[in-house]
Amino acid sequence: MLRFAMLVLACAGILSSAHADETLRVGSKRFTESYILGEILTQTAARVGPAEHKQGLGNTAIVLGALRSGAIDVYPEYLGTIDLEILKNAQPTSLDAMRAALRSLGLGVAVPLGFSNGYALAVRGDADVRRLSDLAAHPEIKIGLSHEFLGRADGWPGLARRYGLAQQPRGLDHGIAYEALAQRQVDAIDIYSTDAKIRQYGLRVLDDDQQYFPRYDAVLLYRLDVPQRFPQAWRAIEKLEGTITVNDMIAMNAAAELDGQSFASIAKSWLGRVDGFPVHPTNSPIIVRDGLLTKTFGNGFMNLARQHLLLVVLAVLLGSVAGIPLGIVAALVPRLRQAVLAVAGVLQTVPSLALLAILIPLLGRIGTVPALVALCAYALLPIVRNTCTGLLQVPSGLRTAALALGLTRRQSLVEVELPLAMPTILAGVKTAAVMSVGTATIAAFIGAGGFGERITTGLALNDNDMLLAGAIPAALLALLTQAAFELCERLLAQRRRYSD
């Protein structure tokens, strides 16, 4: 297993930039505002040196793990999240107290951007509730909350206790929550106070009459060595302090979610206005949204396809390197069989995002390495199980005959049993490959690319076409993968018939 882990790291290293340490790496979470702020930081730093944006890294746990491991250097965060979610303080504390606690983690907080984006709960405009305390009198109200809000220390658990709420909320991705509310599948959702869709959907933000939510001033959370490693970039970033107003942020969110503009163009336009050089004329042109065909085969399709295919190929290759020997051991050593299959089965049941969140601090990086390790773990079960099953199905008489002809046990395994079990083993590898095509979409949550990038963007913007632009190529790749393996199976069967 040690050799296997080293092989994973070596293969992943090929895909990494040789000059990664010379580049300021900016992270962002998987929602519109974080994408935009990440682009503003990246474009600001890129004016004086190399910078890259590791966008849409998932929830707080994943992006914080990436920051602490050194996989990213800085990302936009909110004081309330730092205080209550990251530092686990029971009550809001001062900025100085936060800085002292973060210093022991090798992190710092600085550059307040100028606006606050707090949590709130919202209902449809025709709902008969106006305050959060009113929810206690209406247990029939169906609440849908983002998964992060459901588990945050400053989220639903504390809110329910403060207001005595008996509802059992259901988990919803933030990107689709507005549609669920509009379609009356839920009656209340958690929102951010700068969300552009509050006005679009005519929602009523419930008054926090018991003042549960703390302030969520937007700041930068960064590694303490960043100002020394990137002095020019950091000085440029510091000039952003206090420059983004609440109305600016709402307008930028609206440009992404309602007008279909890209995060990069929104950031560029805002930076141009701040610098006194407007990027767009006063009468802005009408934004024409790209159709499904353009979104699917444009926007870097070949690069995403290459990333996705490479992840799948390496994951299945490394999964086979580890899984086939494990399957052989399971078949030949009965006392180890159940243990080997059980370990492979347990790996299959670990939720993908949870596994990624664990792997980031363990491996000290985001991107290809943890994605490959996760994909290999998910590929093991079908390969191990089919290898074991295929060998156990070889008639014992053939094994006995091979030994009687003078073959050693190893020669019998290599020259007789494995060739006979090959169709079953290949079927397991095929299953692993097809599964890996779909599972590889999670790689985008930690910056490893692939078609999952479009899926995460589509979720953030509630853009069904963008979701399909990621899902359709992944589905087609899965079908092509299956067809390729079926062709290999036919060729293998023909070869066996000719040899007979």
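The model is predicted: local features need pLDDT of at least 70, side-chain atom pairs count only at pLDDT 80 or more, and totals for chains, interfaces and linings use all residues. Residues are numbered from 1 along each chain as its sequence is written, and side-chain values use heavy atoms, with hydrogens and water left out. Helices (H or I, at least four residues) and strands (E, at least two) are DSSP runs numbered from the N terminus.

**Strand pairing and sheet**

- Strand 1 (residues 24-27) pairs with strand 2 (residues 51-54) in the parallel sense over four bridges; two strands pair if DSSP finds at least two bridges between them.
- Arg25 has Glu52 in strand 2 as its bridge partner.
- Between strand 1 and strand 2 the chain passes through helix 2 (residues 32-46), giving a right-handed β-α-β crossover; right-handed here means that, with the strands pointing away from the viewer, the path from the first strand over the helix to the second runs clockwise.
- Five strands form an open sheet in the order 7-6-8-5-9, with mixed pairing.
- Strand 7 (170-171) and strand 9 (203-205) are at the edges, each with a single partner strand, so one side of each lacks a neighbour in the sheet.
- Strand 5 (residues 119-124) and strand 8 (residues 188-192) are joined in the antiparallel sense by five bridges, and Leu121 is opposite Asp190 in strand 8.
- Helix 8 (residues 174-182) packs on the sheet and touches strand 5, strand 8 and strand 9, its direction making about 135° with that of strand 8.

**Helix 12 with helix 13**

- Helix 12 (residues 246-257) packs against helix 13 (residues 263-274) at an angle of about 145°, with the axes 9 Å apart; axes are lines fitted to C-alpha atoms, for helices over the stretch in contact, and angles run from 0 to 180 degrees between N-to-C directions.
- The crossing of helix 12 and helix 13 is right-handed; a crossing is left-handed if the near helix is turned anticlockwise from the far one by less than a right angle, and right-handed if clockwise.
- Asp248, Met252, Ala255 and Ala256 of helix 12 meet Phe263, Ile266 and Trp270 of helix 13, where contact means heavy atoms within 4.5 Å.
- Six residues of this contact are nonpolar, none polar and one charged; Ala, Val, Leu, Ile, Met, Phe, Trp, Tyr, Cys and Pro count as nonpolar, Asp, Glu, Lys and Arg as charged, and the others, Gly among them, as polar.

**Helix 15 with helix 20**

- The axes of helix 15 (residues 301-332) and helix 20 (residues 409-439) come within 9 Å and cross at roughly 140°.
- Helix 15 is therefore oblique to helix 20; angles under 35 degrees count as roughly parallel, over 145 as roughly antiparallel, 65 to 115 as roughly perpendicular and the rest as oblique.
- This crossing is right-handed, and its contact residues divide into 12 nonpolar, three polar and one charged.

**Helix 16 with helix 18**

- The axes of helix 16 (residues 334-349) and helix 18 (residues 368-392) come within 7 Å and cross at roughly 150°, which makes helix 16 roughly antiparallel to helix 18.
- The crossing of helix 16 and helix 18 is left-handed.
- The residues in this contact comprise 12 nonpolar, two polar and two charged.
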